[in-house]
Amino acid sequence: MRLVREKSLLLIVDLQAGLLPVLDGGEQAVGEASWLGGVASALEVPVWLTEQYPAGLGGSEPRLREALEGALYWEKSRFDAHAEPDFAKALAQSGRHQVVLCGAEAHVCVLQTGLGLREAGYEVFWLAEATVSRRREEASLARRRIERAGAWAVSADMAAYEWLERCDDARFGDVHRRFLKPRSPRPLRFFD
């Protein structure tokens, strides 16, 4: 299944300041989520962030807030964001049926949100380099489980290039200059 810009939404789950220090790969997850969020914004793909119990875990990591001006924030108490009625209603009304999903923790809130989205009929794309847990093994289990539920693992580059679709227009030139070219030499660890 290919990502289509007009059908897509980027959902960043619970990359919160209080959780970040204990996540295996948390710094990279914030960087990659911010990067893809910038690409999404440049291409008019909505960016949504959730926050689980921000009074205790803090709000979204400040670098995300700074990089993703204009993103929509959702405070939640359920691990599955889609189980929150206002979130589910807004997503249905958005007309976006493809959700690129990343965040923390992979085996709790990201997985349960992904499963909820799949059960509701959405196409889910698990962002491999930006979906993390405290223990890498649990992130790996979560990825395998969501793939068995019908989701696809993708990289940020895959999502960006599928959203761009072609190289012969001004959008590609802008995104290539601002995002793709500076990122290409950066080392990444993919969480499988």
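Trainee: Why is tyrosine 53 called exposed?

Mentor: Its relative accessible area is 54%. Exposed means over 50%, buried means under 20%, and partly exposed lies in between, with a 1.4 Å probe and protein chains only. At 54%, tyrosine 53 is therefore exposed.

Trainee: What should I know about the model behind such values?

Mentor: It is a predicted model, in which local features need pLDDT of at least 70, side-chain atom pairs count only at pLDDT 80 or more, and totals for chains, interfaces and linings use all residues. Residues are numbered from 1 along each chain as its sequence is written, and side-chain values use heavy atoms, with hydrogens and water left out.

Trainee: What makes the phi of tyrosine 53 worth a remark?

Mentor: Phi is positive there, about 45 degrees, although the residue is not a glycine. Most residues other than glycine have a negative phi. Tyrosine 53 is found in the loop between β2 and α2 (54-57). Such names come from DSSP runs, numbered from the N terminus: helices are H or I with at least four residues, strands are E with at least two.

Trainee: Where is glutamate 44, and is it buried or exposed?

Mentor: Glutamate 44 sits in the loop between α1 (26-42) and β2 (47-52). Its relative accessible area is 66%, so it is exposed. Its phi is also positive, near 60 degrees.

Trainee: How do you know that β4 and β5 pair?

Mentor: Two strands pair if DSSP finds at least two bridges between them. Strand β4 (residues 98-104) and strand β5 (residues 123-132) share 6 bridges in the parallel sense, so they pair. In this pairing glutamine 98 stands opposite glutamate 123 in β5.

Trainee: What lies in the sheet as a whole?

Mentor: The sheet is open and has 6 strands in the order β3-β2-β1-β4-β5-β6, with parallel pairing. The edge strands, β3 (72-76) and β6 (152-154), each pair on one side only.

Trainee: Why is β4 called mostly covered?

Mentor: 7 of its 7 residues are buried. Gln98, Val100, Cys102 and Ala104 are on one side, with Val99, Leu101 and Gly103 on the other.

Trainee: What makes the crossover from β4 to β5 right-handed?

Mentor: The chain passes through helix α5 (residues 106-119) on the way. A crossover is right-handed if, with the strands pointing away from the viewer, the path from the first strand over the helix to the second runs clockwise.

Trainee: Which residues does the cis peptide bond join?

Mentor: Alanine 104 and glutamate 105, with omega about -20 degrees. Most peptide bonds are trans. Glutamate 105 lies in the loop between β4 and α5.
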